[in-house]
Amino acid sequence: MSTIPIGQLEFQDSSGDKITAKSTSLPKVDAASKYKKYKRYSKVHASKGTVKKTYRTKTKKKYTYRTKAAYKTKTKKKYRSRATYRTTSRKAYTRAVSSDELNNLEGDEGLERLASYINRNLNHRSGGPHTAEGVEKTGYGDCWGLSDWSARKLAANGYKVKVVQGATSASSRHRWLHVYSEGRWTSFEPSLVTKRYGSKHYTATCGRATSVVKTYNM
């Protein structure tokens, strides 16, 4: 920016002496430069305004869409979990009440009652619990779990029971039971009596026993 010289100034003080002073320089006003500066400021200001507007828009979108959606999803998941918990509790209560049916089992009639109970209250699931405790808690189990659960129920009623293992077309370690009832040994297949396998009769088998895993009351 250029300056404009003023020159020298002469004046007298109160005593009449003549005083000479050098002038100062004033900035030269450049209209074009002033306009250019204002224009640049306007651009920056407009740019800031744009950034601010964009930031608000993004924030609003995140809050309005993502946050609410996430909140609804979490709430829905919690609701589902609670519903699942209630359903599981109700099933466990039903099994506990109906387990009174499994008292005083005797002979082939007792095996029929046990098979009917399994069909109504339990089910087979590949990869499910393989112990009696797991079946009691969840209401389902694999062949190992259902056999373990059935063997304990029968043993509690005085039956002689063998947990046997053999190969089938689906598994090389399938398990079921041999139960001594009314003077003979008979097969009891807790997996095949479930709804998953068409509610077959308890004597139906799908393999040949090759080993005895465990015995009760022997």
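Two strands count as paired if DSSP finds at least two bridges between them. Strands, like helices, are DSSP runs numbered from the N terminus: at least two residues of E for a strand, at least four of H or I for a helix.

Quick caveats. This is a predicted model, where local features need pLDDT of at least 70, side-chain atom pairs count only at pLDDT 80 or more, and totals for chains, interfaces and linings use all residues. Residues are numbered from 1 along each chain as its sequence is written, and side-chain values use heavy atoms, with hydrogens and water left out.

Now the hairpin. Strand β8, residues 174-181, pairs with β9, residues 184-188, in the antiparallel sense over 5 bridges. Val179 stands opposite Thr186 in β9. There are 2 residues between the strands, and Glu182 in the turn has a positive phi of about 55°.

Next, helix α4. At its start, a side-chain oxygen of Asp142 comes within 3.2 Å of the backbone nitrogen of Trp144. Just after α4, Gly158 has a positive phi of about 95°.

Last, Thr194. Thr194 sits in the loop between β9 and β10, the latter being 208-216. Thr194 is buried, at 0% relative accessible area. Contact means heavy atoms within 4.5 Å. Beyond its neighbours within four places in sequence, Thr194 touches Ile118, Asn119, Leu122, Asn123, His124, Leu146 and Ser199 by that cut-off.

Conventions
A polar contact is a pair of N or O atoms within 3.5 Å; within protein, one must be able to donate a hydrogen and the other to accept it, and residues adjacent in sequence count only if both atoms are side-chain atoms. Buried means under 20% relative accessible area, exposed over 50%, partly exposed in between (1.4 Å probe, protein chains only).
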